[in-house]
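Subject: Structure handover

Hello,

Here is the structure we talked about. Please open it and keep it beside this note while you read.

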Amino acid sequence: MKIKALKGFKDILPDEARTWQWIEETARGIFHRFGFTEIKVPILEKTELFARSIGAATDIVEKEMYTFSDRNGDSVTMRPEGTASVLRSYIEHGLQVQQPLQQLFTIGPMFRHERPQKGRLRQFHQMSVEALGSGNPRLDVEVIAMAWLLLKELGLSVSLEINSLGCAECRTVFKERLVAFLDSRRDGICDDCRRRSTTNPLRVLDCKSEHCREQYQEAPSILDHLCKGCSDHFDQTRQGLTLLDITFTVNPFMVRGLDYYTRTAFEFVTNALGAQSAVGAGGRYDGLVEQLGGPQKTPGIGFALGMERLVLLLSQQGVAAPGTECDLFVATLGETASEKGFVISQHLRAKGLRVSIDHEGRSLKSQMKQANRVNARCALIMGDDEIARSEAILRDMATKEQVVIPLKGGLEEWCAGIINIINDTTK
Ligand code: ATP
Ligand code: MG
């Protein structure tokens, strides 16, 4: 019997991996431009870390975590998101001592035991960003602007929704009003919402049922309950976004599935991926560092973009990863040419060129086919006849133009000649 991958776990095959690399390279470039640096944290953590940060009554902790006992009987969990792990690391190593504003990002796999469907997997990947140590709304704007620029550079069109979830104080008042409202509508809402109205009332607001949504049109709005501090913060965030020409809509029903969010929450949404409408989401979590045992009053804000959904969206919007994979295919005929080609390949690779070569002594025709298959920009063709005349032929695979290259002097000179011509053909 053939062994297959687990349900909800997916191979990223070479063709798709190119798109992934391009997304990651673009993201790294942009994150660096904003002063963010990469941090790599473990995939496995103590279960308690996630229970304490994400919240015991959230979907993730209640039913989605890959939690098991390791061989010592300790409860461990494969991370369902990045923020908790990055904050754990920040606290453990006292990163704020070196630099009070820490701007970090990490890229890697996350695990949630959900029902697999398009854009929803059990192992998926996030690019996740955290800025710790400033509560200034300018930082909210900057973090959103960074995600916005990345999506723009990837050529994607998605829309931005923002909301404020207030702080512990204003949310308490809002929660009471919301619970009272939900009680008055008990008979008109779904079982899930009825249950959540006691365990995690805010979450009912983003229930997917049309019927519930209709009811909630009349629910109290968090935005009418913000305290002065939260309300000013939200105003300044909106003003900052406008200042940077970033268009957004305010969605008072967006609440996010994790308990730690405070104040600004945002999502990048699309209607191109069916029910999986969010390609990325984030928000402020001003109490989380302290809650995890770190220094008091350390505000933070971050977001996570889902790689799988970005890849899906790119292919739907017809955006292709740029660039070819191979600069030069070395095609040789005969023993002597084959050996020369082999040496030239190694030398050109050392000079930074991407070079492929045939080792199987195939016909020239099949070597040319192979050159097309690997998407080579040029082919270097050498038979023993050319070698006898101290020549080689360089062919531009797109235009089919050929030039004769003299192989005079030493290896260094040949290669310099080849590189010059290849660089010219791409101008
Ligand atoms: P959703 O509403 O789709 O369940 P979420 O609120 O659970 O998303 P977050 O925890 O905020 O998502 O994660 C941020 C991003 O990670 C999402 O916007 C999405 O792109 C991606 N993501 C989350 N869960 C999955 C999953 N199971 N499979 C693929 N991508 C995911
Ligand atoms: Mg989810």
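Which strands does helix α14 (residues 364-373) lie across? Helix α14 lies across β12, β14 and β15 (391-396), and runs at about 170° to β12. Helices (H or I, at least four residues) and strands (E, at least two) are DSSP runs, numbered from the N terminus. Axes are lines fitted to C-alpha atoms, for helices over the stretch in contact, and angles run from 0 to 180 degrees between N-to-C directions. Contact means heavy atoms within 4.5 Å.

Two notes on the source. This is a predicted model, where local features need pLDDT of at least 70, side-chain atom pairs count only at pLDDT 80 or more, and totals for chains, interfaces and linings use all residues. Residues are numbered from 1 along each chain as its sequence is written, chains are lettered from A and ligands numbered from 1 in the order in which they are written, and side-chain values use heavy atoms, leaving out hydrogens and water.

The five-stranded sheet

The open sheet has 5 strands, in the order β13-β12-β14-β15-β16, with mixed pairing. Two strands pair if DSSP finds at least two bridges between them. β13 (355-357) and β16 (402-406) stand at the edges with a single partner strand each, so one side of each has no neighbour in the sheet. The twist averages 25° from one strand to the next. β12 (residues 326-333) and β13 run parallel, joined by 3 bridges. Leu 328 has Val 355 in β13 as its bridge partner. Helix α13 (residues 335-350) packs on this sheet and touches β12, β13 and β14 (376-383).

The three-stranded sheet

Another open sheet has 3 strands, ordered β2-β4-β3, with antiparallel pairing. β3 and β4 (residues 75-78) pair over 4 bridges. Phe 68 has Val 76 in β4 as its bridge partner. Helix α2 (residues 47-54) lies across β2, β3 and β4, at about 75° to β2.

Ligand 1

Ligand 1 is surrounded by 15 residues, counted when a heavy atom lies within 4 Å. Among the closest are Arg 112, Glu 114 and Arg 309. A polar side-chain atom of Arg 309 lies 2.8 Å from an oxygen atom of the ligand. For Val 279, a backbone N or O atom is 3.0 Å from a ligand oxygen atom. β10 (278-284) is one of the strands that supply at least two shell residues. The largest share, 4 residues, comes from β10.

Best wishes

Note on methods. A polar contact is a pair of N or O atoms within 3.5 Å; within protein, one must be able to donate a hydrogen and the other to accept it, and residues adjacent in sequence count only if both atoms are side-chain atoms.
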